[in-house]
Amino acid sequence: MSDGGRQQPLWVPPNIGQHPIDDYRRHVNNKFGLQLENSHQLQQWSVKKANDFWVDLYDYVGLIPELPSHITRAFDESAKISDVPQFFEGVELNYTENVLEGKDPNALALIGLRESDFLNGENVTWGELRERVRQVRSALIRSGVKKGDRVAAIVSTSIWAIVLLLATASMGAIFSSISPDMGEAGCVTRLQQIEPTILFADSDMSYKGRKTPLDEKIKAIVEKLPQAMKVFSIPITSRSTSTFPFVSDFLAMARNSDRLEYNRVPFTYPLFILYSSGTTGQPKCLVHHHGVIIQLKKVAMLHYSLGPKEVVFQYSSTSWVLFNIMNGHLAVGATVLVYDGSPLWPDAMTMLKIIERFRVTYFGTSPRYLLELEASKVIPREAYDLRSLRLVTTTGATLTSDQFRWFYKAFPHIHLSSVAGGTDIVTSWISVDPSGPVYAGQMQMIALGMDVYVADANTGDDITKTGESGELVCPTPFPSMPVFLWGDKNNKRYKSSYFERFDHICVWAQHDWINVDPITGGITMHGRSDGVLNPSGIRFGSSEIYNISEGPVFNSEIQDTLCVGRRRKQDTDEVVFLFVKMRNNQLFSHGLEQRLRSAIRTGLSPRHVPKFILEVPEIPVTINGKKVETPVKRIISGERVQVSSTVANPKSLEFFEQFSKLETQPRARL
């Protein structure tokens, strides 16, 4: 159980009650005759009165078109969540229309940065963005793309990526993006499933100061796809070459007489396709719909307090759901900064220089980046002018208590909030409370409209108020559930992925392990529930170990760690392994091993101490930087694992095969 109720908050907002979420709470109080006093009470109302909330929110965030007066409910509350009930039946809208309309044509919409010159961006106004979308839309139609066709892009996070998404959505086609650093097999397995009509691809990939030509890779991908499709290359440099025609040839098909029009489609009509990580097999193709705009505007307006005066810098690749969420921030008029480059090249200061140079107000990053920034020993508030920055969010992994404390020494005036959601839902389960305090190690609040509780892993009972850890589950439909999984007959894989965790209750469960502090209402994410460690019946999440092994005591020596359990067929109990990657080729010594054991024993308990603490040359991660726990757990348990190309360093997994036979801790170097 968290000790949040016994500690002082690290940060309290200086203007409590003066944020957009407070304005909305007062609006709800006036409209429905309530006396909700804070964001947590507003959240409880939003799930107890789900139809009232979603219908009211539709108008409040200003969706186009206005909600017809005869539509008085958002969804059928008698339907089970596993039925995937449709929201706002009878309403037709268009995602792109909701992003582009109502904006000042002279205001700045996008700032595009490339790694090679990250302090000199390409500025695009809203008027210019509209024109680019119009041109691409016209060229798509003239090239034969129709409503419902798939438009694929192997592109970096860039202005082109956003224009392609908006143009595709404007005409009712379906967009899908893949990061250029995705392996060839990963690209093929995705594109084979969705069969795109047209493919756009960057000519080169940026990584750590180098440009790598992609032409041979794209040719190899296209040759392995059974379907015929048009392919166009987007030149990244003036010297770029390609086997395929450049995108200028594609744009030449556009006609000036073609106006920018929006094909309004049913609320739940497919918009874009995202992919699950697929770290041990073929990824799921998650089809999300135009109606996700209501979730994206909810988060941007109410949780993040974004609007036309904000500059947003969310570091992401186009393979990560954060790219799609970042696009949603455009819908509230914020200026979005898109960066094609490595977050740590040439060092961790690059991100801070970008924030300073472009007066960023909201920065979305990861715990891994903050760890590297802490290890650099640079104090950001002393080295850079960060007065514009008001909000930093982290996601993708658990932000430890020590990282929270370090942050408020380095960034004392800024709101830090750890958030969690998923590609599966293209939004957040757990989000920001702009008017709430920040406690070390705790996320602030369940997002509005998300009916989340903590379920006992065995019974499924609601144990939220006990403070104990369990499964994150949701029993009530929400308007960003995937419409379906592409190629999934009868929703068989959909239902097995999310609705079969418990036999006797119908809830969405995507295998996250959490607890809620009964005093503060803060939430702690402990990792994947299918990766929960369970030696001798003591259940705990890997994040509890990471809080120590990657904390400030060891940060100067240890670069990264991975904690998983091993249970082979012949084993009667689970054994815990902690794998350690050293920083800057430092020695992994017996003394360090013993200090780790002592710190875990003291900080947690003797039962939390891993049986094996071992040095490894690499920690396997996905291309989005997430630790790859489940495949390692299966490998050291003696299973054969088919590794997906979403693993950024797949060769590293071979090193772990030897540990399926390890019986005693080898002696670390002295």
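In this predicted model, Ser660 touches Arg566, Arg568, Ile635, Ile636 and Gly638, leaving out residues up to four places away in sequence. Ser660 sits in the segment after α19 (629-636). Between Ser660 and Gly638 there are 22 residues of sequence separation, yet their C-alpha atoms are 5.3 Å apart. Is Ser660 buried or exposed? Its relative accessibility is 14%, and because the cut-off for buried is under 20%, Ser660 counts as buried.

The chain is assigned three domains: domain 1 (20-68), domain 2 (123-264) and domain 3 (534-659). The centres of domain 1 and domain 3, taken over C-alpha atoms, are separated by 44 Å.

The nonpolar cores come next. The largest nonpolar core has 92 residues, and the members that touch the most others are Trp54, Phe88, Leu129, Leu140 and Phe200. Which helix gives the most to this core? It is α6 (residues 159-170), with nine residues. Both domain 1 (20-68) and domain 2 (123-264) give residues to the core, so the core lies between these two domains. In soluble globular proteins, nonpolar side chains tend to be buried together.

Neighbours within four places in sequence aside, Phe88 is in contact with Trp54, Val55, Tyr58, Leu67, Ile71, Arg73, Ala74, Phe267 and Ile294. Another core, of 38 residues, lies apart from the largest one; Phe554, Ile613, Val632 and Val647 are among its members.

A record annotation can be set beside the model. An unreviewed UniProt entry lists residues 151-175 as "transmembrane region". In the model this span is 48% helix and 24% strand, and its end C-alpha atoms lie 5 Å apart.

Strand β15 (residues 362-365) is covered on both faces. Tyr362 and Gly364 are buried on one side, and Phe363 and Thr365 are buried on the other. Strands of a sheet pair through backbone hydrogen bonds, either parallel or antiparallel. Which sense applies to β15 and its partners β13 and β16? Strand β13 (residues 311-314) pairs with β15 in the parallel sense over three bridges, and Phe313 has Phe363 of β15 as its bridge partner.

In α15 (residues 401-410), the buried residues are Gln403, Phe404, Trp406, Phe407, Tyr408 and Ala410.

A separate description is needed for strands β18, β19 and β20. The three strands form an open sheet in the order β18-β19-β20, with antiparallel pairing. Which strands are at the edges? They are β18 (420-422) and β20 (445-446), each of which pairs on one side only. Strand β18 is joined to β19 (residues 427-431) by three bridges, and the two run antiparallel. Within that pair, Ala420 stands opposite Ile430 of β19.

Definitions and conventions: Residues are numbered from 1 along each chain as its sequence is written. This is a predicted model: local features need pLDDT of at least 70, side-chain atom pairs count only at pLDDT 80 or more; totals for chains, interfaces and linings use all residues. Side-chain values use heavy atoms; hydrogens and water are left out. Domain bounds come from an automatic or database domain assignment. Helices (H or I, at least four residues) and strands (E, at least two) are DSSP runs, numbered from the N terminus. Buried means under 20% relative accessible area, exposed over 50%, partly exposed in between (1.4 Å probe, protein chains only). Contact means heavy atoms within 4.5 Å. A nonpolar core is a set of buried Ala, Val, Leu, Ile, Met, Phe, Trp, Tyr and Cys residues joined through side-chain atoms within 4.5 Å. Two strands pair if DSSP finds at least two bridges between them. UniProt positions are given in the numbering used here, feature names are shortened, and annotations may be inferred rather than shown by experiment.
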